[in-house]
Amino acid sequence: MSVLEQEDFIFPNEEYLKWDGSMNVIKMGRTTGLTKGTLDQNNFLVNVKCNQGGFLYFNDCYQIEDKDEPFFSAGDSGSGVFLDVEDGKNKPLGIAFARLNSSTAVCKIKSFLDSLNLSVLAYRTPEEPMDVP
C-alpha cells in the first residue's frame, strides 16, 4: 500500500454529497472550539460587506447550517471544515469565512487549492517498516 494517497481519497467526491441536511460536518474554531453542523447547500452565493466599504462576492461555496449550537462565530474565520465520516477518516470540505443568520459560508477547499495551483498529499504510516539505506 502506498505511503502517499491521491487527492481522490482525501477529498469527498461531490457526486456523493447530499444537500438535505443529512450529512454532518465538524470544525475546530478559535472562538467556538469544536462545533457540529450539517451540509445544506452547494453553489451558495455570499456577499460580505467590507469595513472599507463595498462588498466582496463569493460564489460556489458550501452552506453549513447550525446543529445544536452556532457552528461559526467571529474569530473562527479560516477554520477547516470537515465532512464527519463514521469511520473517523474525516474529509476536508473547505474553509469557514462568514456567518449569515444560522448559516456558515465555506469556501470549497478544492477550488481554493486549484486557484493557488496546489496539491495535497496525505502521509500514512506504512503497515510494514520501510528499509532505509
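This is a short tour of the model above, stop by stop.

**Before selecting anything**

The model is predicted: local features need pLDDT of at least 70, side-chain atom pairs count only at pLDDT 80 or more, and totals for chains, interfaces and linings use all residues. Numbering runs from 1 along each chain as its sequence is written, and side-chain values use heavy atoms, with hydrogens and water left out.

**Whole chain**

Show the cartoon. There are two helices and eight strands. Helices (H or I, at least four residues) and strands (E, at least two) are DSSP runs, numbered from the N terminus. The order along the sequence is β-α-β-β-β-β-β-β-α-β.

Switch to a surface. The chain exposes about 8900 Å², with 52% of it from carbon and sulfur atoms. Such areas come from the Shrake-Rupley method with a 1.4 Å probe; for residues, only the protein chains shown count as cover. Of the 133 residues, 32% count as buried. Buried means under 20% relative accessible area, exposed over 50%, and partly exposed in between (1.4 Å probe, protein chains only).

Now consider contacts, meaning heavy atoms within 4.5 Å. Among those between residues at least 6 apart in sequence, 57% join residues at least 24 apart.

**Stop 1: the nonpolar cores**

A nonpolar core is a set of buried Ala, Val, Leu, Ile, Met, Phe, Trp, Tyr and Cys residues joined through side-chain atoms within 4.5 Å. In soluble globular proteins, nonpolar side chains tend to be buried together.

Select Leu17, Val25, Leu39, Val81 and Leu93. Of the 13 residues in the largest core, these touch the most other members. Strands β4, β5 (80-83) and β6 each supply at least two residues of this core.

Centre on Leu39. Leaving aside neighbours within four places in sequence, Leu39 is in contact with residues including Leu17, Trp19, Met23, Val25, Tyr62, Ile64 and Leu93.

Then pick Phe44, Cys61, Ala98 and Ala105. They are among the five residues of another core, which lies apart from the largest one.

**Stop 2: aromatic pairs**

Rings of Phe, Tyr and Trp (its six-membered ring) pair if their centres lie within 6.5 Å; planes under 30 degrees apart count as stacked, over 60 as edge-to-face and the rest as tilted. By this rule there are two aromatic pairs.

Select Trp19 and Tyr62. Their ring centres are 5.8 Å apart and their planes are at 25 degrees, so the pair is stacked. Trp19 is partly exposed, at 29% relative accessible area. Tyr62 is buried, at 4%.

Move to Phe58 and Phe97. This pair is tilted, with 4.6 Å centre to centre and 50 degrees between the planes. Phe58 in strand β4 and Phe97 in strand β6 (residues 91-100) are 39 residues apart. Phe58 is partly exposed, with a relative accessible area of 29%.

**Stop 3: a charge over a ring**

Show Lys27 and Phe71. The charged end of Lys27 sits over the Phe71 ring, 5.5 Å from its centre. The test asks for NZ of Lys or CZ of Arg within 6 Å of the ring centre and within 35 degrees of the ring normal.

**Stop 4: Gln63**

Return to strand β4, where Gln63 has its place. Is Gln63 buried or exposed? Gln63 counts as buried, at 8% relative accessibility. The side chains of Gln63 and Glu65 are joined by a polar contact of 2.9 Å. A polar contact is a pair of N or O atoms within 3.5 Å; within protein, one must be able to donate a hydrogen and the other to accept it, and residues adjacent in sequence count only if both atoms are side-chain atoms. Leaving aside neighbours within four places in sequence, Gln63 touches Thr38, Leu39, Asp40, Gln41, Phe44, Ser103 and Thr104.

**Stop 5: Ile95**

Select Ile95 in strand β6. Ile95 is partly exposed, at 22% relative accessibility. Ile95 and Val81 are 14 residues apart in sequence and 5.8 Å apart in space, C-alpha to C-alpha. Beyond neighbours within four places in sequence, Ile95 has contacts that include Gly78, Ala105, Ile109 and Phe112.

**Last stop: positive phi**

Most residues other than glycine have a negative phi. Select Asn43, in strand β3 (residues 33-49). Asn43 has a positive phi of about 60 degrees and is exposed at 51% relative accessibility.

Finish at Asn117, in the loop between α2 (109-115) and β8 (122-123). Asn117 has a positive phi of about 55 degrees and is exposed at 71% relative accessibility.
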